[in-house]
Amino acid sequence: MKILVLGAGAIGGYYGARLLQAGADVTFLVRPARAARLAADGLVVRSELGDVRQTVKTVQTLQGMAPDAFDLVLLTCKGYDLPSAMDAIAPAVAGGAAVLPLLNGLKAYERLDARFGRDKVLGGIAVVATMLEKNGDIIHFGSLERLTIGARSPTQAELVQRIHALAAKDDRRPGARVLTTAVEQALWNKWAMLCAAAATCCLMRGTVGEIMHTADGNALMRQTMAECGAVAAASGHGLDEATLQQMEARLLDPTSNWAASMMRDIAQGARQLEADDVVGDMLHRADGFGIAAPMLRAAYCHLQVYMAQRQAAADSP
């Protein structure tokens, strides 16, 4: 299978490397600086599940390539980069490639469907903690890693099965490659937990454990979880008991030093955040259903202020 990975960052680089190890023909569409780094050092992944240092194929544009050069595009950009990402991969999709997004929230799916058609956009969920270091290496934290894929239309079923069979060849943890027949629900499950975590961790500027050790941290996290769960239910994708138990285990653990990646982005002074896709869109849907969401509203306001401050700092002489 010929796979195009847009970018070679923390998520795209990690899963691109694992697909290479599974035997896929992988090409990375990257910017000039990243292409130069990969040419010099190769693709480097450091992980408890196995390190990678491998020479890879890169391109900086799809112009001039055969229209049917790829069977699949792995899309792992941030929500705020999606418009330019869609422009970059459009020739591959026009040539017949399907798109497997590993993105946060559901707003991105709506935009991808509008641009390429629902039949071209598969469903994908990545659960993994990775970071791209300044030297270009990709660090995988811990051993938790799971890739879930599923068809969003009947026409995708055969392709999704092929992708899963390929990815499962590099299944380094039992059950880490999941083929689901309920991918829409799986997307909602992930978004609800991610949104609750991001909203609360960013609003409090703390890890889960730090929040739990305050007087009202547990109650406030539960309130945010309830708001996200109410939106999911109103959308026809209510969270089942197993999902709720997973959320509680992850987000109410007083011993946890974990925080949503958006909070880590704030700590590093990032100028752009996925606030609109992760928190803002959940709040927008809550408003549409008439669901009170005070925690989401406060968190989104907080994130908008932060981004405006960072933009003003970047624009100042």
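User: How many bridges join strand 6 to strand 7?
Analyst: Four, and the two strands run parallel. Strands here are DSSP runs of E, at least two residues, numbered from the N terminus. Keep in mind that this is a predicted model, where local features need pLDDT of at least 70 and side-chain atom pairs count only at pLDDT 80 or more, while totals for chains, interfaces and linings use all residues. Residues are numbered from 1 along each chain as its sequence is written, and side-chain values use heavy atoms, leaving out hydrogens and water.

User: Ok, which residue stands opposite Leu74?
Analyst: That's Leu100 in strand 7.

User: And what order do the strands of the open sheet come in?
Analyst: Five strands go 5-2-1-6-7, with parallel pairing; two strands pair if DSSP finds at least two bridges between them.

User: Which strands stand at the edges?
Analyst: Strand 5 (57-59) and strand 7 (98-101). Each has a single partner strand, so one side of each lacks a neighbour in the sheet.

User: New topic: how is the chain divided into domains?
Analyst: Into domain 1 (2-180) and domain 2 (185-315), with bounds from an automatic or database domain assignment. Their centres, taken over C-alpha atoms, are 25 Å apart.

User: How many salt bridges cross the interface of domain 1 and domain 2?
Analyst: The rule finds two. It asks for a side-chain nitrogen of Lys or Arg within 4 Å of a carboxyl oxygen of Asp or Glu.

User: What about Ile138, buried or exposed?
Analyst: Buried, at 0% relative accessible area. Buried means under 20%, exposed over 50% and partly exposed in between, with a 1.4 Å probe and protein chains only.
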